Amino acid sequence: MSVSRLALHAQGPTFSRLIMGYWRLMEWQLSPAALLDLMKYHLDLGVTTIDHADIYGGYQCEEAFGHALRLEPSLRDRMEIVSKCGIALTAKPEHALNHYNTGKAHIIASAEDSLRKLATDHLDLLLIHRPDPLMDADEVADAFISLKQAGKVKHLGVSNFSARQFELLQSRLPFPLVTNQLEISPLNQSTTLDGTLDLCQQLRIKPMAWSCLGGGRLFDGQEYAPLRTELEQIRHEVGAQNIEQLVYAWVMMLPSQPLPLIGSGKRERIAAAVAAESIALTRQQWFRIRKAALGYDVP
C-alpha cells in the first residue's frame, strides 16, 4: 500500500497524494527516536510530503522535527518539506499581540529560522500562512525572489488566499505560485463555489487541503450527527474501514485534485488515510455527503 504522487504545477514540485501534517506534533509527546520511527513509518507508506509552519506548537514543532531528523539525516532525501510564515504570535515575547507580518525581512528571517530548526538547507515549498491586510505584494515578491535565487526555497505558494488575493501576488512574480493551501472539508465547503478552487483548475495547480475532518469537530456533538449517519451508511456501501476515509475520498474527488493533510500521529489513522485513495465515490454519494453536512439540497 503506497499513495500516488501529483505534480502541484507543471513547473512545481511533485508531492505525495496525502501529506503528513505536523501542526499537533507537540501534543503527541514523542521522543526524538519515537518521532524518527513515525517519520519512517509514513515515508514507507509513500507519505513523503511533510507540512510545517513556523508558529506550530508555539514555535516548537519545527525544532522537535529537526532534532529527530538529525538522528538520521539521510531521510531528508526521501521527503519534501513545506513550511509557512507570516503570522506572529505572542509565544514570542517581542510580540505584544497576535498579528500578521508579510514584510520582506520577516519572511526571509522566518524561512532561514525554519531551515535551521528543521535541519535542512532548503525548503521544498514555502507558503504565506494567511492573507495580511497590510501585505505589500511587491515586498512579498521581493522576499520570494530572494529566497528562490539563494536556493533556500525551491517553490513558493500561499495558504488561505482568496482567488483575487492569489492573482494579486502572482501578478508580481516571474515564476508561478504552485499551490494554495485551503480549508476543504464537508464541514467547510466555501471554496468549492466561491471561485478559489476554480482558479486552481484554471491555472492547473493542485491545492493542499487542511482540516479535512474539521479539526475533529466531525466526531463531536449533535451538530454533525446527520453527517455522521450519512457517512456511516455510505461506508457500508463502499466497504470503507471508517468514515474518515470517506471524507478524504470526498475531498480528493474535487476536480482541482486537492492533496489532503493528515493531522494525526496515530499509525492506524495514517494507514487508513492512505487507503482512502482507493475509495471511489459515485457522484450521488458525493452530493449526499454535501447535503448531510450543509443541511440542505442543491438549488
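Visitor: In which loop is S264 found?

Guide: This is a predicted model. S264 is found in the loop between strand 12 (259-262) and helix 11 (267-275).

Visitor: Is S264 buried or exposed?

Guide: Burial is read from relative accessible area, and buried means under 20%. S264 has 9% relative accessibility, so S264 counts as buried.

Visitor: Which residues is S264 in contact with, leaving aside its neighbours within four places in sequence?

Guide: Those residues are M20, W28, R269 and I270. There is also a polar atom to look for. The side chain of S264 places one 3.0 Å from the backbone nitrogen of K266.

Visitor: Let's turn to rings. How many aromatic pairs does the structure hold?

Guide: There are four aromatic pairs. One of them joins Y22 and F65, with 5.1 Å from centre to centre and 75 degrees between the planes. Planes over 60 degrees apart count as edge-to-face. The pair of Y22 and F65 is therefore edge-to-face.

Visitor: Which parts does the pair of Y22 and F65 tie together?

Guide: Y22 lies in the loop between strand 3 (19-21) and helix 1 (25-28), while F65 lies in helix 4 (residues 61-69). These parts are 43 residues apart in sequence, so the pair ties them together. Y22 is buried, at a relative accessible area of 0%. F65 is buried too, with 0% relative accessibility.

Visitor: Which residues form one aromatic cluster?

Guide: Y22, W28 and F65 form it. W28 is also one of the residues in contact with S264.

Visitor: What about W250 and W286: are they stacked or edge-to-face?

Guide: Compare the planes. They are 0 degrees apart, and the centres are 4.5 Å apart, so this pair is stacked. W250 is in helix 10 (residues 243-252), and W286 is in helix 12 (residues 283-294). The two residues are 36 apart, and the pair links distant parts of the chain. Both count as buried: W250 at 0% relative accessibility, W286 at 10%.

Visitor: Where does a charged end sit over a ring?

Guide: Look at K92. Its charged end sits over the ring of Y59, 4.6 Å from the ring centre. Then look at K148, with its charged end over the ring of F175, 5.1 Å from the centre.

Visitor: Now a helix. How many residues has helix 6?

Guide: Helix 6 (residues 137-149) has 13 residues. From first C-alpha to last it reaches 18 Å, close to the 18 Å expected at 1.5 Å a residue. At its start, a side-chain oxygen of D136 comes to within 2.9 Å of the backbone nitrogen of D138. After the helix comes G151, with a positive phi near 80 degrees.

Visitor: Which residues of helix 6 are buried?

Guide: They are A137, V140, A141, A143, F144 and L147. They cover an arc of only 160 degrees around the axis, so they are on the same side of helix 6. What covers them includes helix 5 (104-118), strand 8 (125-128), strand 9 (156-159) and helix 7 (163-170).

Visitor: And which residues of helix 7 are buried?

Guide: A163, F166 and L169 are the buried ones. Their arc is 130 degrees, seen down the axis, so they line one face of helix 7. They pack against helix 6, strand 9, strand 10 (180-183) and helix 8 (196-203).

Visitor: What is phi of A119 near?

Guide: It is near 60 degrees, a positive value in a residue other than glycine. A119 sits in the loop between helix 5 and strand 8. It counts as partly exposed, at 28% relative accessibility. S211 also has a positive phi, near 55 degrees, and is not glycine. S211 is in the loop between strand 11 (208-210) and helix 9 (225-238). At 19% relative accessibility, S211 counts as buried.

Visitor: One last residue. Where does P207 lie?

Guide: P207 lies in the loop between helix 8 and strand 11. P207 is buried, with a relative accessible area of 0%. Sequence and space can be read side by side here. P207 and N180 are 27 residues apart in sequence, and 5.0 Å apart in space from C-alpha to C-alpha. Leaving aside neighbours within four places in sequence, the contacts of P207 include N180, L182, L197 and P258.

Methods:
Residues numbered from 1 in each chain as written. Predicted model: local features only at pLDDT ≥ 70, side-chain atom pairs only at ≥ 80, totals over all residues. Heavy atoms only, no water. Phe/Tyr/Trp six-rings, centres within 6.5 Å; stacked < 30°, edge-to-face > 60°. Helix = DSSP H or I, 4+ residues; strand = E, 2+ residues; numbered from the N terminus. Buried < 20%, exposed > 50% of the residue type's maximum accessible area, 1.4 Å probe, protein only. Lys NZ or Arg CZ within 6 Å of the ring centre and 35° of its normal. Expected span 1.5 Å × (residues − 1). Arc of directions from axis to C-beta. Contact = heavy atoms within 4.5 Å. Polar contact = N/O pair within 3.5 Å; in protein donor to acceptor, adjacent residues only side chain to side chain.
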